[in-house]
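Hello,

Here is the structure I am handing over to you. My notes on it follow below.

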Amino acid sequence: MESGKQKILSILKTVNDPEIPVLTITDLGIVRDIKIENETTEVIITPTYSGCPAMDFIGVNIRKVLRENGYDKIKITHQLSPAWTTDWMTEEAKDKLRSYGIAPPVSKTFDKNYLQNIPVACPHCHSMNTKLISQFGSTACKAIYQCSDCGEPFDYFKCH
Ligand SMILES: [Zn+2]
């Protein structure tokens with residue numbers, strides 16, 4: 001039973017996040033649990049952002065990769081509570097984000113005023129002298145910042 005779960009988890013480690021292809025769904029901490037009952041494999045995932053269109057895509061990709069590995073009966077359950085937080089992201093994931101040019105989340109606290117107040121390091125030159133340009137970047141999960149030192153704009157992964 002446990003080894004079956006481990007095997008599935010290692011397969012899921014190959015599924016990339018559609019929005020940030022350098023990260024896998026296990027890097028993000030989206031996969032909460034795996035249940036194997038009779039012949040059915042159930043994967044419990046928590047969306048990073050409610051209403052994130054990427055989540056449907058992730059479900060499709062999970063089914064695809066499991067089917068390729070010989071699992072036929074697959075059930076994907078979305079668990080909305082407790083809500084995903086950036087704290088579930090691995091340190092390795094944060095490093096990957098940085099090298100991808102996206103500033104990783106600084107703190108789990110997220111509210112309207114929070115983005116204005118937190119210092120976000122520029123992923124290019126590591127300067128803390130950055131400013132918020134837009135609450136919404138290329139996706140709803142990201143905000144756009146600009147570095148005042150190197151002048152480069154960059155995405156900040158802000159989810160919750
Ligand atoms: Zn910079």
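Which residue of S2 does Val-31 stand opposite? The answer is Ile-45.

Before the rest, two points on the source. Residue numbers start from 1 along each chain as its sequence is written. The model is predicted: local features need pLDDT of at least 70 and side-chain atom pairs count only at pLDDT 80 or more, while totals for chains, interfaces and linings use all residues.

The sheet: three strands form an open sheet in the order S1-S2-S3, with mixed pairing. Strands are DSSP runs of E with at least two residues, helices runs of H or I with at least four, both numbered from the N terminus; two strands pair if DSSP finds at least two bridges between them. Strand S1 (31-37) and strand S3 (73-78) each have a single partner strand, so one side of each lacks a neighbour in the sheet. S1 and strand S2 (residues 40-45) pair in the antiparallel sense over six bridges.

His-124 lies in the loop between helix H5 (114-117) and strand S5 (130-134). The C-alpha atoms of His-124 and Arg-98 are separated by 8.2 Å, with the two residues 26 apart along the chain. His-124 is partly exposed, as 16 other C-beta atoms lie within 10 Å (buried means 20 or more, exposed 12 or fewer, partly exposed in between, with C-beta atoms placed from the backbone).

Regards
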